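I have kept to what can be checked against the coordinates.

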Amino acid sequence: MKIEIWADYACPFCYIGKTTLEQAIEKTGLKDVEVVYKAFQLDPNAPKVSHESTIENLAKKYRVSLKEAEGMVNNVVNHAKNVSLDLRFDLVKSTNTFDAHRLTKLAKTLKLDSELNRVLYKEYFTKGTNLADVSQLEAIAKSLNMDVESVKECLNSNQFDLEVKRDIEEANRKGINAVPYFLIDGKVSIKGAQPLERFIQVLTQV
């Protein structure tokens with residue numbers, strides 16, 4: 001079974017959805033599941049460094065009050081708890097994820113994309129790590145024993161730019177305008193961070 005996931009590291013629902021998928025795969029006992037991580041950017045113009053809190057950013061983006069934005073954040077936090085994730089929006093700040101997606105493409109050549117994907121989400125949503133900071137990305141890659149020189153060469157060049165852009169263009173062609181988006185064996189899709197039961201139902205029927 002091949003599962004393609006279009007997602008963005010700055011998207012909490014992508015983290016929730018990916019975690020739910022992994023739990024569903026474990027519960028169904030499926031073997032030979034290939035997960036392919038496809039790049040997507042919710043905000044391609046996001047700055048590499050932001051001084052706004054998540055609540056301030058949401059209030060501005062959706063033109064709501066800070067209290068309403070806080071309520072939105074609390075809803076996401078509670079949703080995440082359903083899959084045993086503890087999101088720290090008090091630490092998270094908006095950032096550009098393009099380089100993180102490029103690093104994931106490098107990790108794929110080393111068959112470390114799954115591990116890197118997991119760590120990038122955890123670093124961002126539980127520690128507030130800036131995923132646009134090259135030094136932070138290098139440290140994360142080093143923790144996975146990725147070759148330091150290869151990582152530096154990648155992050156300080158335009159390596160894998162085209163591959164990331166191709167993923168985004170493919171999403172556009174398929175009409176994918178919201179993530180997470182899961183495509184199973186090229187024919188069955190799951191849109192959004194659906195409940196565990198929904199993932200199990202789809203995986204067992206494909």
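1. The face of helix α9 that is turned away from its buried side carries Glu197, Thr204 and Gln205, which are exposed. Here buried means under 20% relative accessible area, exposed over 50%, and partly exposed in between, with a 1.4 Å probe and protein chains only. The model is a predicted one, in which local features need pLDDT of at least 70 and side-chain atom pairs count only at pLDDT 80 or more, while totals for chains, interfaces and linings use all residues. Residues are numbered from 1 along each chain as its sequence is written, and side-chain values use heavy atoms, with hydrogens and water left out.

2. Which residues of α9 (196–205) are buried? They are Leu196, Phe199, Val202 and Leu203. These residues lie on the same side of α9 because they cover an arc of only 135° around the axis, the arc being that of the directions from the helix axis to the C-beta atoms. Helices (H or I, at least four residues) and strands (E, at least two) are DSSP runs, numbered from the N terminus.

3. The cover over the buried residues of α9 includes β1 (2–7), α1 (12–28), β3 (181–184) and β4 (188–191), where contact means heavy atoms within 4.5 Å. Strand β1 is itself mostly covered, with 5 of its 6 residues buried. It pairs with β2 (34–39) in the parallel sense over 6 bridges, and Ala7 has Ala39 of β2 as its bridge partner. Two strands pair if DSSP finds at least two bridges between them.

4. Strands β3 and β4 run antiparallel and are joined by 4 bridges, with Tyr181 standing opposite Lys191 in β4. Their hairpin has 3 residues between the strands, and in it Asp185 takes a positive phi near 50°. Ser189, found in β4, is partly exposed, with a relative accessible area of 26%. Leaving aside neighbours within four places in sequence, Ser189 is in contact with Tyr181, Phe182 and Leu183. The C-alpha atoms of Ser189 and Val202 are separated by 8.7 Å, the two residues being 13 apart along the chain.

5. The largest pocket holds about 660 Å³ of space. Of the 28 residues that line it, Ala10, Pro12, Leu42, Leu58 and Lys61 are the closest to its centre. On a 1 Å grid over the protein atoms alone, a pocket is an open set of points with protein on both sides within 12 Å along at least five of seven lines, where a 1.4 Å probe fits, and lining residues have an atom within 4 Å of a point. Grid points are joined across faces, edges and corners, and the volume is the space filled by probe spheres set on the points.

6. Helices α1, α2 (54–62), α3 (66–81) and α5 (113–127) each supply at least two residues of the lining of the largest pocket, and the largest share, 6 residues, comes from α2.

7. Some backbone details deserve a check, since most residues other than glycine have a negative phi, and most peptide bonds are trans. The peptide bond from Val179 to Pro180 is cis, with omega near 10°, and Pro180 lies in the loop between α8 (161–173) and β3. Lys111, not a glycine, has a positive phi of about 60° and lies in the loop between α4 (98–109) and α5.
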